[in-house]
Every structure is written in structure tokens, then in C-alpha cells.
Amino acid sequence: MTWADDILERATAEPLLINDSKTPSGVAHVGSLRGVLIHDAIAKIARSGGREARFTYGCDDMDPLDEKPHGSGDFFDEHLGKPLHAVPAPPGLQGSNMARAYFGEFVANFEPLGVEAEFYYMSEVYAAGRLDEVIDTFLRNGDKVREIYLRETGAVRSDDWLPLQPICEACGRIGTTYASDYDGETVGYRCEPDLVSWATGCGGSGRVSPFGGKAKLPWKLEWAAKWHVLPVNLEGAGKDHMGAGGSFKVSSALAREVLGIDPPQSFVYEFFTLDGSKMSSSLGIGMSATELTQMLPAELLRYTILRVQPRKAFEFSLGLTGLNRAFVEYERLWQAIAGGEATENQTQLFAVSQSVDAGEGAPAFSPPFDSVVSIASQPHIDLDAHLASLGRENLSEVERSWLRAKHATALAWSQSFLGEAAELQVSESLPDSVGELDQGAREFFNAAAQGLAEVEDWVAQDIQAALFDAIRSVGLEQADAFKAFYLAFFDADSGPRAGSFLEFYGRDATIERLSGAGAAG
């Protein structure tokens with residue numbers, strides 16, 4: 001049984017209504033993808049098992065702007081405290097407002113990732129009156145809401161406090177208003193200058209209808225309200241929402257004790273760290289979700305995230321070692337599926353890793369990622385022409401498509417990781433430092449050139465064997481021989497695995513480089 005099977009076994013409602021949402025107050029970092037892909041995978045697995053399942057993804061655009069996006073300067077200063085849907089779009093992004101711009105930029109990744117979701121916008125849900133009945137219920141039970149807050153979180157609310165954030169009619173802010181005195185049709189409010197530290201209210205006051213999008217519920221009440229009106233019966237959240245005193249526990253109490261509904265079946269997922277760093281949109285820490293989606297093949301990204309149980313912290317590395325391993329592990333799973341050797345759990349993981357139909361078979365020819373980087377780093381090399389020079393022009397459609405995806409990843413990765421990529425770049429010509437090597441190294445180069453010329457099948461295993469034969473024939477230490485090898489090709493002490501690299505580099509180019517190295521000095 002997989003983690004997804006366990007969640008679905010506990011989620012017995014039919015049809016299955018799965019929900020997730022996002023507050024679009026900045027460019028989404030890669031950590032935002034974990035929840036999306038987990039919910040999408042659960043929906044896919046449910047449907048594959050014959051269950052009716054919908055996945056809705058919401059834009060929480062009624063939330064107030066409580067922090068300026070990283071790098072935005074003073075552009076948003078005058079809009080702090082306003083609902084996100086009432087804040088202008090940032091320069092450089094398309095959208096009718098800030099929320100639509102950032103939300104649109106993020107969900108544009110859903111289609112290439114194969115995510116199937118129905119979108120909704122909370123500003124529209126409020127404006128359509130779908131929450132009016134729930135708002136009325138919460139306002140009439142303000143004392144019960146205050147009691148739940150105190151019991152579950154220790155937060156003390158004033159006796160006149162009402163669980164509502166009206167939009168100030170004077171300044172348009174929602175994060176600075178304090179509501180009191182509900183008469184069944186309107187609430188009284190004050191827009192207080194010092195209610196919060198991140199925005200300044202205008203000092204105005206008045207009475208306003210709480211319905212039709214003129215006010216919003218505080219987050220914990222809004223979450224419970226969503227469960228009721230959407231409705232929702234399965235929703236996960238990050239661990240910061242799911243602990244003792246967290247949003248989910250408070251919202252669940254509100255749902256049961258005020259709205260009279262059961263909260264959805266839930267699950268928790270851990271944080272997503274990239275190369276050891278926890279990410280933050282507001283602080284500009286970490287790669288954006290769009291950058292990662294554009295860099296990696298969708299299948300590899302889905303696989304890498306979904307293979308880790310949600311309750312476990314997910315550490316993703318974009319370093320060369322991490323990406324090499326990710327490609328190898330995914331291709332190994334692909335081979336097991338194609339060969340009919342996969343377990344049920346592996347079959348499920350592979351299925352939810354696909355953004356589109358994987359097609360028939362698995363690639364028999366797929367050079368390691370670091371070798372592809374070495375070829376991609378040479379701008380004069382055309383991939384199709386290079387394949388033809390290797391006698392690989394008749395690759396299957398699956399092999400060619402996957403190699404193109406890996407090549408595109410290598411190009412994108414090299415732009416973001418210039419230092420590591422430079423270490424894999426083949427020298428355009430024989431480095432001058434090769435001429436300083438001793439006689440033993442030159443003998444190795446010549447023996448390797450001769451031995452590799454006689455290799456019948458130009459494949460990594462036979463190439464590697466020929467290199468070891470050459471090392472033994474001249475009596476050189478392996479470490480010294482490979483140090484000389486990498487110097488000749490990369491002007492460095494190390495590089496990608498020699499056999500795999502040379503298989504993709506090509507026989508003629510290899511022998512030419514080694515012969516030149518043997519004659520140097």
C-alpha cells in the first residue's frame with residue numbers, strides 16, 4: 001500500500017472532492033508545487049480506481065496584502081492592507097490585479113506538469129453570495145467563535161469582537177478593520193491605524209453589509225466555510241497548519257461546533273527544501289516554481305516529488321550529483337515498467353509521474369545527464385548531427401524524445417549552475433597542460449587510443465574496459481591515468497564517468513583527442 005492508497009482508504013466520501021488553494025502575494029517558489037502535485041496524484045489514483053474525483057484549486061484573492069513581494073520596492077506601499085484582488089498587478093506580469101497576475105503565473109505550470117484542476121477565486125465566491133449564509137451564522141455565533149479561539153489557541157478576543165473583516169469604504173483596506181455590532185443586516189466597523197504592524201488604517205468608521213463580497217471571514221473561519229460551500233471532503237496542508245493550535249484544528253472545531261459539518265479527511269505534508277534551504281516567496285529565497293518546471297522534464301519533476309511520502313521532509317538537490325541520481329532512478333523505474341518487472345507500488349508511482357502518455361517502451365539509449373551536459377556545453381555541436389556521427393540516427397521516438405528533454409534540461413541547468421557546468425565543458429582544443437605530463441601518461445594515451453580503435457561495440461561498458469586494459473598495459477596507477485584523462489578532455493582533475501561520457505562523445509573524436517595527447521610534450 002502506498003501513501004496515496006492509505007489516504008484514499010480513509011477518505012470514504014463519494015464523490016471525492018479534493019481541494020487546495022494559494023494566497024498569490026508573490027512569485028511562487030518550488031515548494032508550492034509539492035501540495036499541488038500530491039493533491040493531483042491522489043485525484044488521478046482515485047479516478048484510476050473507478051472513483052469520481054474532482055480537484056479544485058483556489059485563489060485566495062480576498063486575503064489582505066500583508067507583505068510586499070521581494071524586490072518590488074515601494075510599488076505596493078500604498079496598497080498594504082487591501083484585498084489582493086484590489087491591488088494592481090506588478091510591473092512585468094500580466095493580470096487584471098496582483099492576485100490574478102501571480103496566480104496566473106503559477107498555475108500556468110499546471111498544464112505542462114499534467115495537473116488537472118478546476119480553478120476558483122475567493123473574491124468571486126464572496127461576490128456571488130455563496131458565503132452569505134455562513135457569514136451570518138458566524139456573526140450570530142460570535143461568542144462561540146471567541147470561545148473556540150480561546151480554547152484551541154489561547155487567543156483572547158474582546159467581547160465586542162466579531163469574526164469578520166469588512167472592506168473599509170473610505171480607503172479600501174481589509175486588513176485594518178475591526179468589526180463589531182451585527183444587527184442582522186450590517187456590521188459596524190472601525191479602520192484602525194494601529195490594528196496591525198504591516199498596514200495603517202485610515203481611521204474611518206461606518207456600517208456596511210457583510211455580504212456579497214463587502215467583507216471577508218478571517219482565515220480559519222474562511223477555511224471552514226470553504227469546506228461547507230464548495231464542498232470539500234479531502235484536503236491536505238503543510239505541517240505549519242496541522243499541528244496543535246494550528247489552523248486545521250481551529251477550523252475543524254469551527255466547522256463542527258458552529259456550522260454543524262464534519263471537516264474533510266486530512267493529511268499533512270512536510271516542508272520542501274531546495275539544496276538545504278527552506279524557501280520564501282516574500283524574501284526571494286529559492287528558485288521559482290516556473291523556473292524549475294521549465295528546467296526539468298515534467299515526468300522527472302513529478303516522480304522526484306511524489307516518490308517521497310508527504311509526511312517526510314523533502315530535500316531536493318539541483319546539484320550535478322543530485323540530478324544525475326534523479327535521472328538514473330527514474331530511468332530505472334521506467335525500464336522496470338517496460339520490462340514488466342515493476343511492483344504494484346512502482347507501477348502506481350510511474351503512472352502518477354506522467355504528464356502525458358509515456359508511449360511504448362523505455363529508452364535503451366540514454367546517456368547520463370553529466371555526459372549530456374558536456375555535449376550541450378559545446379555550442380558548435382548540433383544534437384541530431386552528433387547522433388548521426390555516433391551511428392544513432394535511428395533512435396526510437398521514445399529515445400529521441402527523452403534525449404531531447406534531457407538535452408534541454410542540460411542547457412537550462414548550465415545557465416543556472418555556471419560553475420558546475422564549466423567543470424563539464426570539454427576543452428575546445430588539447431589543453432597546454434597536457435604537454436607537461438610525464439612519459440607514462442603519454443604511453444597511456446597512445447595505448448588507450450589504440451585499444452579504443454579496436455572496440456567493436458562503442459558502448460560505455462566496453463569503452464571503460466578498454467581504458468582499464470590500457471592502464472594495465474603501461475603499468476600506470478589508475479588514479480594517475482584518469483587524472484591525465486580528465487586533463488586531456490576537460491583541463492581538470494575529474495569529470496563524468498569516462499565510459500559513459502566517451503560513448504556519447506563519439507569514437508572518432510575520442511581517438512583524435514587521445515592521439516593528440518599522446519604526441520604532446
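Let's start with phenylalanine 490: setting aside neighbours within four places in sequence, its contacts are Ser374, Glu423, Leu424, Gln425, Val426, Ser427, Pro496 and Phe501. Before I go on, please keep in mind that this is a predicted model.

So where does phenylalanine 490 sit? You'll find it in helix H21, which covers residues 478-490. Is it buried or exposed? Its relative accessibility is 5%, and because buried means under 20%, phenylalanine 490 counts as buried. Now pick out one name from that contact list, glutamate 423. Along the chain, phenylalanine 490 and glutamate 423 are 67 residues apart, yet in space their C-alpha atoms are 7.1 Å apart.

Let's move on to asparagine 233. This residue belongs to the loop between helix H8, residues 219-229, and strand S9, residues 234-238. Although asparagine 233 is in a loop, it is buried, with a relative accessible area of 16%. What does its side chain reach? There are two backbone atoms to look for here. One is the backbone oxygen of proline 15, at 3.0 Å. The other is the backbone nitrogen of leucine 17, at 2.8 Å. Again leaving out neighbours within four places in sequence, asparagine 233 is in contact with Ala13, Pro15, Leu16, Leu17, Pro264 and Gln265.

Next, a sheet. If you are new to these, strands of a sheet pair through backbone hydrogen bonds, in either a parallel or an antiparallel way. Here we have three strands in an open sheet, ordered S5-S6-S7, with antiparallel pairing. Which strands stand at the edges? They are S5, residues 177-182, and S7, residues 205-208; each has a single partner strand, so one side of each has no neighbour in the sheet. Going from one strand to the next, the twist averages 30 degrees.

We can look at one pairing in more detail. S5 pairs with strand S6, residues 187-191, in the antiparallel sense, and the two share five bridges. To find one of them on your screen, go to serine 180, whose bridge partner in S6 is glycine 188.

Last stop, helix H6, which spans residues 132-140. Which of its residues are buried? They are Val134, Ile135, Asp136, Phe138 and Leu139. And what do these buried residues pack against? On the helix side, there are H5 (122-127), H7 (142-153), H8 and H10 (247-259).

Key: Residues are numbered from 1 along each chain as its sequence is written. This is a predicted model: local features need pLDDT of at least 70, side-chain atom pairs count only at pLDDT 80 or more; totals for chains, interfaces and linings use all residues. Side-chain values use heavy atoms; hydrogens and water are left out. Helices (H or I, at least four residues) and strands (E, at least two) are DSSP runs, numbered from the N terminus. Buried means under 20% relative accessible area, exposed over 50%, partly exposed in between (1.4 Å probe, protein chains only). Contact means heavy atoms within 4.5 Å. Two strands pair if DSSP finds at least two bridges between them. Axes are lines fitted to C-alpha atoms, for helices over the stretch in contact, and angles run from 0 to 180 degrees between N-to-C directions. A polar contact is a pair of N or O atoms within 3.5 Å; within protein, one must be able to donate a hydrogen and the other to accept it, and residues adjacent in sequence count only if both atoms are side-chain atoms.
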